[in-house]
Amino acid sequence: MPKALAFPIMEMQSSANVAWSMYPGLSHGAYSAIHAHGSDEQKATYLPKLVSGEWTGTMCLTEPHCGTDLGLLKTRAEPNDDGSYRITGTKIFISAGEHDLSDNIIHLVLARLPDAPKDVKGISLFIVPKFHADGRRNGVYCGSPGTQNGHQGQRHGGA
Ligand SMILES: Cc1cc2nc3c(=O)[nH]c(=O)nc-3n(C[C@H](O)[C@H](O)[C@H](O)COP(=O)(O)OP(=O)(O)OC[C@H]3O[C@@H](n4cnc5c(N)ncnc54)[C@H](O)[C@@H]3O)c2cc1C
């Protein structure tokens, strides 16, 4: 849908329930990132269900010690032999990071490769699904659900 038509719908959603409108908003962000930068296989796996709403998306940037200054982020991504990556680290404030509104949650996670430069140029983006496409549970867990007044902790330990 062209943005000019989407905006009136978004305004209605936000006016009715801004908290709920975060869910389609974050899914839209995940969709746009994968659509622009994902492989054909990633697009085929993730985009149709993000569009239908069966799966929702997140953006996992913030860590306990860094929000604005993402150059300090510590989450690590180590390559596995099969082409996937093992991600370890802790994120906080992840909106829509854990819930049961959808069958799966597709986290887009900022992390650093072992040989990456120290600043923001060394940050890469990884797709970390709560459930793999074959249904296996990935090792990403919400350690501490929060409210708008509290912290959310999210540990990413999956590949
Ligand atoms: C409701 C809510 C939802 C959120 N959802 C998500 C989410 O889905 N995913 C996610 O990754 N994060 C999320 N966040 C986190 C959000 O992105 C961070 O709070 C934000 O990036 C700011 O980081 P911080 O809170 O650590 O503040 P800080 O980085 O500590 O900043 C505090 C203040 O210092 C200023 N400041 C910081 N560094 C500098 C500098 N070098 N020079 C000058 N001024 C500076 C900032 O402008 C700000 O005014 C959410 C936060 C909230 C409140």
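A residue is buried at under 20% relative accessible area, exposed at over 50%, and partly exposed in between (1.4 Å probe, protein chains only). In this predicted model, local features need pLDDT of at least 70 and side-chain atom pairs count only at pLDDT 80 or more, while totals for chains, interfaces and linings use all residues. Residues are numbered from 1 along each chain as its sequence is written, and side-chain values use heavy atoms, with hydrogens and water left out. Tyr 46 and Trp 55 are both buried, and buried residues make up 34% of the 159 residues in the chain.

**Fold and dimensions**

- The chain has three helices and seven strands, taken as DSSP runs numbered from the N terminus (helices H or I, at least four residues; strands E, at least two).
- Read from the N terminus, the elements run α-α-α-β-β-β-β-β-β-β.
- The radius of gyration is 16 Å, close to the 15 Å that the globule rule gives for 159 residues, so the chain is as compact as a globular protein of that length. The radius is taken over C-alpha atoms, and the rule is 2.2 Å times the number of residues to the power 0.38.
- Along the principal axes, the C-alpha atoms fill a box of roughly 45 × 35 × 30 Å.

**Aromatic pairs**

- Two aromatic pairs are present; rings of Phe, Tyr and Trp (its six-membered ring) pair if their centres lie within 6.5 Å, with planes under 30 degrees apart counted as stacked, over 60 as edge-to-face and the rest as tilted.
- Tyr 46 and Trp 55 make a tilted pair, at 6.2 Å centre to centre and 55° between the planes.
- Tyr 85 and Phe 126 make an edge-to-face pair, at 5.0 Å centre to centre and 65° between the planes.
- This second pair links distant parts of the chain, 41 residues apart: Tyr 85 is in strand β3 (residues 85–92) and Phe 126 in strand β5 (residues 123–129).
- Tyr 85 counts as partly exposed because its relative accessibility is 29%, whereas Phe 126, at 9%, counts as buried.

**Charges over rings**

- Lys 3 lies over the face of Phe 7, at 5.5 Å from the ring centre; the criterion is NZ of Lys or CZ of Arg within 6 Å of the ring centre and within 35 degrees of the ring normal.
- Arg 137 lies over the face of Phe 131, at 5.5 Å from the ring centre.

- Leu 5 lies in helix α1 (residues 3–16).
- Leu 5 is exposed, because its relative accessible area is 53%.
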